[in-house]
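Look at the model below.

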Amino acid sequence: MRTKNTALKVLYYIAIALLCVVFIYPFWWMVVNSFNDINDIFGPPTLLPRSFQWENYVEIFRVQPFARQYMNTVLVAVAGTVGNLLVSSLSGYAFARLRFPGRSALFILLLTALMMPIEVTIVPMYFMMRGMGLSDSLFPLIFIPMFCSQGAFSAFMLRQHYVTVPKEYEEAARLDGLSPMGIYFRIMLPIAVPVLSSCAILAFLSVWNMYLEPLVFISSVAKYTLPLALANFNDSYGLPQWNLQLAATTLSVIPVMIVYLIFQEKISNAMVNSGLK
């Protein structure tokens, strides 16, 4: 019996290792070829670069204002994430704890936003932002994660968390003279920190990878975010400069990988706990 269990464990670890290779190799291929010459990229695959072209990482800053585009993405991701948490935490608390006419109907409307793809709403949003004088700016990219499907998702997760908090906490706070906003800021918000952190991570990843939204709202190269910048590394004939694209992509995925690897357990826990009630 012990030999059988050992054999099963060995097979299990071998299977996991093979799956890890399948998922890790594309990333490794990207990093390796970011150092290659463009003519060496599509040759036989290798585990190490054929020629260490360190100039690829220098050239991406010469071809276009990549440093500014990187900072544009950081600004949009941070501001959009903070706004997402602010709006969704307030709305989630209102749906979970406050009693007001039409609460159930409004919550159903909120849930419909989760099922509505951005392609459906991007055109009316463009005309709305243009009417407000915000086209070709970063403001629409900050507002979208606050009020569209990502904001609705965060509000739903926080609402699911708030309904699990015992009502005795609020009753004790009211006896101490706290107002509804005081209860929210001093009682409910600190309790929701684990879910807030998970919502922040998911919102950050979503905003960092936005492509369609900046493609619609941004027209100036200096205001591009990283997804648009990566698609803009082309030669004079309009053909992709793959070595520069791979080098820029390698730099752009580093923050996302760090965030996810550090907080992946919180993301999984929030996904599980959001469906308990």
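## One residue and its contacts

Leaving aside neighbours within four places in sequence, Phe-107 is in contact with Phe-95, Phe-156 and Arg-159. Contact here means heavy atoms within 4.5 Å. This is a predicted model: local features need pLDDT of at least 70, side-chain atom pairs count only at pLDDT 80 or more, and totals for chains, interfaces and linings use all residues. Residues are numbered from 1 along each chain as its sequence is written, and side-chain values use heavy atoms, with hydrogens and water left out.

Phe-107 is found in helix α4. Helices are DSSP runs (H or I, at least four residues), numbered from the N terminus. Why is Phe-107 counted as buried? Its relative accessibility is 13%, and buried means under 20% relative accessible area, exposed over 50%, and partly exposed in between (1.4 Å probe, protein chains only). Phe-107 and Ala-96 are eleven residues apart in sequence; from C-alpha to C-alpha they are 9.9 Å apart in space.

## Two helix pairs

Two packed helices are described by the angle between their axes and the distance between the axes. Axes are lines fitted to C-alpha atoms, for helices over the stretch in contact, and angles run from 0 to 180 degrees between N-to-C directions.

| Helix pair | Angle | Axis distance |
|---|---|---|
| α4 (residues 103–114) and α7 (residues 149–162) | about 130° | 8 Å |
| α3 (residues 66–97) and α6 (residues 139–147) | about 30° | 8 Å |

Angles under 35 degrees count as roughly parallel, over 145 as roughly antiparallel, 65 to 115 as roughly perpendicular and the rest as oblique. So α4 and α7 are oblique to each other. By the angle between them, α3 and α6 are therefore roughly parallel.

Handedness comes next. A crossing is left-handed if the near helix is turned anticlockwise from the far one by less than a right angle, and right-handed if clockwise. The crossing of α4 and α7 is left-handed; that of α3 and α6 is right-handed.

Which residues of α3 meet α6? They are Val-76, Ala-79, Gly-80, Gly-83, Asn-84 and Val-87. On the α6 side are Leu-141, Ile-142, Pro-145, Met-146 and Phe-147. This contact has eight nonpolar, three polar and no charged residues. Ala, Val, Leu, Ile, Met, Phe, Trp, Tyr, Cys and Pro count as nonpolar, Asp, Glu, Lys and Arg as charged, and the others, Gly among them, as polar.

For Cys-148, the nearest cysteine sulfur is that of Cys-199, 16 Å away. Cys-148 counts as buried, at 16% relative accessibility. Cys-20, at 37%, counts as partly exposed.

How values were computed
Helices (H or I, at least four residues) and strands (E, at least two) are DSSP runs, numbered from the N terminus. A disulfide is a pair of cysteine sulfur atoms within 2.5 Å.
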